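I opened the notebook to record what I looked up, one topic at a time. The entries follow the order in which I checked things.

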Amino acid sequence: MEHVVIIGNGISGVTAARHIRKLSNKRITIVSAETDYFFSRTALMYVYMGHMKFEHTQPYENWFWEKNRIELKKGLVETIDYSSKTLSLSGGDQVTYDKLILAVGSKTNKFGWPGQNLKGVQGLYSKQDLDLMEENTSVLKVERAVIVGGGLIGVEMAEMLHSRNIPVSFFVREDQFWGNVLPVKEAEIIGKHLESRGIDLRFTTELKEIISDESGRVKAVVSSNGEELACQFVGLTPGVSPNIDFLKETDLETEEGIVVNQFLETNQPDVYSIGDCAQFSKPAAGRNNLEQVWYTGRIMGETVAQTICRNKLAYKPGHWFNSAKFFDIEYQTYGWVHSKLQDGEANFYWEHKDGEMCMHFVFDKASRKFLGLNTLGIRIRHEVMNRHLDADSTIDKVMEQLKDANFDPEFYRVYEDEIVAKFNVEQGTNISAKKRSWKRILGVG
Amino acid sequence: MKNIRNIGLVVFLIGFAVFIASLFVGTYKISEDKLKSLYDTTEKIDKGDTITASLKKAAIELEILDKEFSSQFSFSSHLADLLNKSNAAISDGLADKDGITAIEVEGIYDLAIVGGKVIYSKDVVLAVFSDNPKKQKLLIDNTSWMFNESKLYEKVDDFKKDFENKLKRINGKLGEKYFVWDNKYSRFDLVKAASNGPITDNKGLFLFLTFGLCIFGALMYILPGAILMGGPGIKNNGVYHDAATSRGWIGILAFVFLLFFYILLYFYPWLIVNWTSIVDPFKGLFIEGASASQWFLYGTLYTVSMSVMGIRMFIKYRHNRYQIVRTASVLFFQIIFAFLLVEILPLFDLPAMDLKNAWPLDYDMFFDWNVTGHFDSGTVGIFMFVWGVVLSAIVIPVMVYFYGKRWYCSWVCGCGGLAETLGDPYRQLSDKRLITWKIERWMIYSVFLLAIIMTIFAGYHSYNEVNYPEMSSKDVLFGMSAYNIREWYGFLIGSIFAGVIGTGFYPILGNRAWCRFGCPLAAYMGIVQRFKSRFRITTNGGQCISCGNCSTYCEQGIDVRAYAQKGQNIVRSSCVGCGVCSAVCPRGVLNLENAPNTNGSRMEAPEVILGNEGLKEFLNK
């Protein structure tokens, strides 16, 4: 019986295992050093905040693995011998494989700041980071925390600390929040929202140095403008990169990540890589060569399972989408809304008068083809947007059917008429938003 | 703000402490006047006289008349004796006139036992009571089975034993209409009448010191949340760090209190008369000078808890209009329908009916007293009964078809209303394991089946009661008495399951233990919701990140995430549509919707989750 070994029990590795099991009878082993069981990484913040216990982040009950004949092995892989197809684990154990899937995930970027390894300085990615953060913020009182890096994990960390009444200063290198992703208007809303929750946001501010006290614990940071700020905790969240140090300088081809082709195959026979750590030699049109979000990891897992089970399949995600939550503002995006308008693109932006809700549409100036939508504070129906993107709908059609796209709970205030009216004024059109239709939403008739 | 909160907590705890302590103050003394005020107000004056006189005599013999007891415990320990003795005395008194006296028994024995042989017969009876046809009939009706043509007694003693046992029953029955049966209601009445002391003297003051301080303190604690929680939005911060909401010591204490409360309320109400005295002034608003029963106390506590904790809901979910409208709805139905109307209807000689309470949750709907109560109240009474039937048979399934069972369970229902307000802090404690889902299905449908069987018996009994009032054993069907089945159902399901376990276990099993495992109406609506309804919780394409907030905060223990991460809509018979999974979802994945079920769109799992274009194309090939 063929033995498939998966290194990493995150979403991509576990999805691969589940789908291989659905498709075949192969022996499956998942090796992980992080935790005994699969958990949702994105939910770690809620454990710290007391919304959930760690067990609640585990999507499957513990009996699930044995029932589905997925063997779990706890251990840290130190070396891989590709010729004898053998993994060596710390502690001396060896595991041989017929097919190997590398789903080893990411690690926090550290850019060589002085003091970056002091006590009380950490990133947030793994379960161990969560435990460390619990320790770092409870052994001694944190009067102030500094977070460096204005992206998703940074804002998560800020929310976590805020939930425990720890004052947070947030260093952001750009002049706006999440500058490489969000257009300036959305970034402003998030920035204001963070400030309204008491976060001390400092734009165009970088970290220069972390200063130690006599016990080797952080006592202050120095920012790029020379200011020294006393703090007892530093969160480093300038993004993540593939966790592949142990694979570098081996026969496996790596660059920033593990280099794979569109079939998720590495340069080594029977070795695949999926998830955060996979780097596409030729990325799909309009997409990055590294994709580090939850659902792309899942799709890569589903895809590689097909290939391993003899249905060789290329990784081909559909239209881009994503979501996040910044304190109390939910963000969703469908299609592409770049931080800066691209050539030939036009946009339409609506913001609610209270300044915590917006919709930002991007379309092709010439053909009026709908390209993407960002929303803050309004939930949007994925299927409806995906169908518009599939069908190359014009922005005018999207507007006309905007009520179909609303996914807010019942009794919420709706703004489609207001949005379409503003669109008509700006675009000189005469569209009236159609009543919500289940037929259109469900794609019948 | 934090200080206001802390002061509020202290004020609440003081009110709560006074409430607990109030059980242990006062003295208890039963006097002739008290007995008169209790029993001599019945319309038939001689009846009240008889009861009062007999109770007084019994009390004197037991040396408890005008004796002061220092607690309800010591006082009530004499009540069984008092009532039994009084009842027996009444029977004995009546035996002379209408029953069979000891002298008459001797007369029977003289004729029926000849030379050590039993020759008891109809002739014996006719001879002994030659001048009293009433007693002739009484004895023949009751002892004809002992006549020597139908039964042979070899030993005289056997005959005497049978005969005397039968006599006891005949004579005992004579006084029945004067009996004050020894049950929780009589004991409650007697203890309440006997109670004396600071509470009965200062009911208004104690109403303020308990309910007043608790409401005031709770609001002081709750209202600052609007600012302290930091802006509208989901704020479950610290739920699992808090001993009250994570089965910690505060949760255990709350559990013990609730457990004791329900056991006392249902089974030992005479021990909590002081609590009912506290709400007497409130009861007086409906009927001047009326005395509050334990059920009025419960209704008041229930409504007050729901209202105060409803305000908490309004603050906690102020960003979520579904939660606000829904909470306003349960409060409306509790205050107007379950509380006020039930107090007001009897003022117009109508049955005290909670018009929104539907069978089989309203399990006594077809009981004889309820049916006759409605039929005796004229057209409006009959209309109310018919409404009850229409509600269960038509309104419920039709509404569940269009909106799911949520329209009832989390918008209208009283049990649901308490769960969604007082119980909201405990919703995360429901068990999410697969095994628990299996247990749940066995339990809830068993209760539903029991409710149906019990109702068939009760209905048969009521039917006879209305149509054949002269029939004997109207309550017996298939050799079992409707009374017994009703009693067992009421005890096990109505009291233990719905009350003691359903609410008492909030801090342990979560706030919907009754609704999930026991409620027969939930079972009934669940079947409709699962198989024939437009309701579903829609999963939004591929946006789920498996974080688990939805499953954690599902009060019904549904593993919502298991569906959402597959891109599958959630259709579960147990879902009460509280909408909290949708509220806590950080990615806007879940939405409660009523929509047509075209091409299996309602609940089929998609073969490919939205987003994997490559796999979709491959499978379509």
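What does the accessible surface of chain A come to, and what percentage of it belongs to carbon and sulfur atoms? I found about 18300 Å², with 46% belonging to carbon and sulfur atoms. Accessible areas come from the Shrake-Rupley method with a 1.4 Å probe, and for residues only the protein chains shown count as cover.

**Ground rules.** I noted that this is a predicted model, where local features need pLDDT of at least 70 and side-chain atom pairs count only at pLDDT 80 or more, while totals for chains, interfaces and linings use all residues. Residues are numbered from 1 along each chain as its sequence is written, chains are lettered from A and ligands numbered from 1 in the order in which they are written, and side-chain values use heavy atoms, with hydrogens and water left out.

**Chain A as a whole.** I looked up the secondary structure and got 12 helices and 25 strands. Helices (H or I, at least four residues) and strands (E, at least two) are DSSP runs, numbered from the N terminus. The radius of gyration of chain A is 24 Å, close to the 22 Å from the globule rule for 445 residues, so chain A is as compact as a globular protein of that length. That radius is taken over C-alpha atoms, and the rule is 2.2 Å times the number of residues to the power 0.38. Along the principal axes, the C-alpha atoms of chain A fill a box of roughly 70 × 60 × 40 Å.

I then checked burial: 59% of the 445 residues in chain A are buried. Buried means under 20% relative accessible area, exposed over 50%, and partly exposed in between (1.4 Å probe, protein chains only). Of the contacts in chain A with a separation of 6 or more, 62% join residues 24 or more positions apart. Contact means heavy atoms within 4.5 Å.

Most residues other than glycine have a negative phi, and most peptide bonds are trans. I listed some exceptions.

- A:T204 has a positive phi of about 40°; A:T204 sits in the loop between strand 12 (200-202) and strand 13 (207-212) of chain A.
- A:L264 has a positive phi near 70°, and its loop runs between strand 18 (258-260) and strand 19 (271-273) of chain A.
- The peptide bond from B:W359 to B:P360 is cis, with omega near 5°; B:P360 is in the loop between helix 18 (321-344) and helix 19 (368-375) of chain B.

Is A:T204 buried or exposed? A:T204 is exposed, because its relative accessible area is 54%. A:L264 counts as buried, because its relative accessibility is 0%.

I found B:T276 in helix 15 (residues 273-278), and B:T276 is buried at 0% relative accessible area. Beyond four places in sequence, its contacts include B:F188, B:A292 and B:L297. Which side chain makes a polar contact with the side chain of B:T276? I found B:K192, at 3.1 Å. A polar contact is a pair of N or O atoms within 3.5 Å; within protein, one must be able to donate a hydrogen and the other to accept it, and residues adjacent in sequence count only if both atoms are side-chain atoms.

B:K135 lies in helix 8 (residues 133-143) of chain B and is buried, with a relative accessible area of 5%. Its side chain makes a polar contact with the side chain of B:E104 at 3.0 Å. Leaving out residues up to four places away in sequence, B:K135 also touches others, including B:A95, B:G99 and B:F129.
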